[in-house]
Amino acid sequence: MNQRRTPPPPPKPKREFSLFNWLNRFLPLERIFGEKDERHQDRVPIRYFYYFLWVVFLLVAYERVGYLSEQYVIRSLKLKTEVEDLRAEYTATKAAYMKSGKQSEIVERVKAMGLEENLTPPKKIVSLSEERE
């Protein structure tokens, strides 16, 4: 039995963490993340770096949503007070308008023009032509 043995598959290349390498140029990430060795037993494996980034992203998104909701509540309270002020102004204006339409108020305003209120009731004038019809 001559069976040819297939060569074993080549070992998988070590996973490249390109984002980690890029960020490592600006931030000292190797102090926290990296391969454990004799000198650095407290390092977190690099494979957890992306989970860490995901958690940081979620925290930032959570804070942003909280900030936006707080701004919404503040804006809502401002609008509510503005509506209450406008309602009070409307009520005061309506009351002044209704008061200005009263007969006693009109009499006071026309006195300045030299007009007086007629105290005798009006008389009905009936013509003869209207009685025949």
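Helices (H or I, at least four residues) and strands (E, at least two) are DSSP runs, numbered from the N terminus. By this convention the protein has four helices and zero strands, and its elements run α-α-α-α from the N terminus on. One of them, helix H2, covers residues 49-100 and contains Glu89.

This is a predicted model, in which local features need pLDDT of at least 70, side-chain atom pairs count only at pLDDT 80 or more, and totals for chains, interfaces and linings use all residues. Residues are numbered from 1 along each chain as its sequence is written, and side-chain values use heavy atoms, with hydrogens and water left out.

Of the 133 residues of the protein, 8% count as buried, that is, under 20% relative accessible area with a 1.4 Å probe and protein chains only. The protein exposes about 13,600 Å², of which carbon and sulfur atoms supply 59%. Contacts are heavy atoms within 4.5 Å; among those in the protein with a separation of 6 or more, 28% join residues 24 or more positions apart.

Two surface patches deserve attention. Phe52, Val56 and Val60 make a nonpolar surface patch of about 250 Å². Val56 lies in helix H2 and is partly exposed, with a relative accessible area of 32%. Glu89 belongs to a patch of negative charge on the surface, together with Glu82, Glu84 and Asp85.

Definitions and conventions: Patch = residues over 30% accessible without salt bridge, like charges linked within 9 Å, V, L, I, M, F, W, Y side chains within 5 Å. Areas by Shrake-Rupley, 256 points an atom, 1.4 Å probe, with all protein chains shown as cover. Salt bridge = Lys/Arg side-chain N within 4 Å of Asp/Glu carboxyl O. Lys, Arg positive; Asp, Glu negative; His and termini not counted. Charge placed at Lys NZ, Arg CZ, Asp CG, Glu CD. Buried < 20%, exposed > 50% of the residue type's maximum accessible area, 1.4 Å probe, protein only.
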